[in-house]
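Q: I am new to this one. Please take me through its features step by step.

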Amino acid sequence: MTTGRSALRRLMRERRREVPPAARIGAAGGLAAQLLAHPLPPGAHVAGYWAADGEIPLHVWQLRLPGDVTYCLPVLHEDGRLRFAPWKAGEAVEANRYGIPEPVVAADALLQPERLDLVVVPLVGFDHRCHRLGMGGGWYDRSFAFRHHAPAPPVLVGAAFAFQQVDGELPSEDWDVQLDAVCTDLSTVSRAT
């Protein structure tokens with residue numbers, strides 16, 4: 001990781017945390033409208049995240065998903081990759097090593113990243129090419145590294161406030177997995193093909 005990425009990560013996290021809770025919740029509706037524009041196959045498996053550190057929440061989107069869609073949350077796995085657990089509001093969760101709630105489910109209920117149709121990915125910053133600056137742990141990049149070789153499901157969509165888009169281009173590393181789109185509270189930025 002370069003110093004530029006570290007400094008940008010700190011700045012963007014500070015800006016995100018400065019958003020008042022009421023404005024964060026209000027922005028969730030705009031984000032939901034953008035996310036719902038992405039078509040899903042019948043019986044789709046989608047993944048979101050549990051908002052933390054000032055991230056824009058996904059509860060409005062989750063509640064508006066079609067009834068046959070299975071909503072999942074990420075679970076840290078010992079191999080350094082994420083697995084995804086089906087979850088509904090009110091079901092049991094427990095904090096992981098970072099203090100982020102994860103569903104409490106049996107290991108055989110966890111889905112591999114390749115089994116999902118759409119994944120909404122948290123981020124700290126993004127650019128017009130849909131390159132993402134994450135928190136720096138590499139969990140999403142390792143989990144979806146299989147997409148480096150050929151376009152493959154799932155569709156990866158970043159979620160952010162509009163102000164998290166940087167001017168110009170983010171510095172990227174070989175291991176960074178590019179998103180297909182980024183939805184904000186105001187618009188959608190799609191990756192140029």
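Q: What volume does the second largest pocket have?

A: First, the ground rules. This is a predicted model, where local features need pLDDT of at least 70, side-chain atom pairs count only at pLDDT 80 or more, and totals for chains, interfaces and linings use all residues. Residues are numbered from 1 along each chain as its sequence is written, and side-chain values use heavy atoms, with hydrogens and water left out.
Now the idea. A 1 Å grid is laid over the protein atoms alone; a pocket is an open set of points with protein on both sides within 12 Å along at least five of seven lines, while a cavity is a set where a 1.4 Å probe fits but cannot get out. Grid points are joined across faces, edges and corners, and the volume is the space filled by probe spheres set on the points.
Here the second largest pocket has a volume of about 220 Å³.

Q: Which residues are the closest to the centre of the second largest pocket?

A: Lining residues have an atom within 4 Å of a point. This pocket has 13 of them, and Q62, V69, Y71, W87 and K88 are the closest to its centre. Helices (H or I, at least four residues) and strands (E, at least two) are DSSP runs, numbered from the N terminus. Two elements, α3 (59–64) and β2, each give two or more residues to this lining.

Q: How many residues of each class are in the lining of the second largest pocket?

A: Ala, Val, Leu, Ile, Met, Phe, Trp, Tyr, Cys and Pro count as nonpolar, Asp, Glu, Lys and Arg as charged, and the others, Gly among them, as polar. This lining has eight nonpolar, three polar and two charged residues.

Q: What about the largest pocket: what is its volume?

A: Its volume is about 680 Å³. It is lined by 36 residues, and R132, M135, G137, W139 and Y140 are the closest to its centre. Elements that give two or more residues include α1 (3–17), β2 (70–76) and α4 (139–143). The lining divides into 20 nonpolar, five polar and 11 charged residues.

Q: How many cavities of 30 Å³ or more does the structure hold?

A: One. The largest cavity holds about 50 Å³ of space. Its lining is V121, R132, Y140, D141, F144, L156, V177 and L179. Six of these are nonpolar, none polar and two charged. R132 and Y140 line this cavity; both were also named for the largest pocket.

Q: How do I read a sheet, and what is the strand order here?

A: Two strands pair if DSSP finds at least two bridges between them. The seven strands of an open sheet run β3-β2-β1-β6-β9-β10-β11, with mixed pairing. Its edge strands, β3 (82–86) and β11 (188–190), each pair on one side only.

Q: Which way do β2 and β3 run, parallel or antiparallel?

A: Antiparallel, joined by five bridges. L76 stands opposite L82 in β3. The two strands form a hairpin with five residues between them, and G80 in the turn has a positive phi of about 85°.
Compare β9 (residues 155–160) and β10 (residues 181–184): four bridges join them, and they run parallel. There, G158 stands opposite V182 in β10.

Q: Which residues of α2 are buried?

A: Buried means under 20% relative accessible area, exposed over 50%, and partly exposed in between (1.4 Å probe, protein chains only). In α2 the buried residues are R24, A27, A28, L31, A32 and L35. An α-helix has 3.6 residues a turn, so residues three or four places apart point the same way.

Q: What is the buried state of R9?

A: R9 lies in helix α1. At 8% relative accessibility, R9 counts as buried. The C-alpha atoms of R9 and M135 are separated by 7.2 Å, though these residues are 126 apart along the chain.
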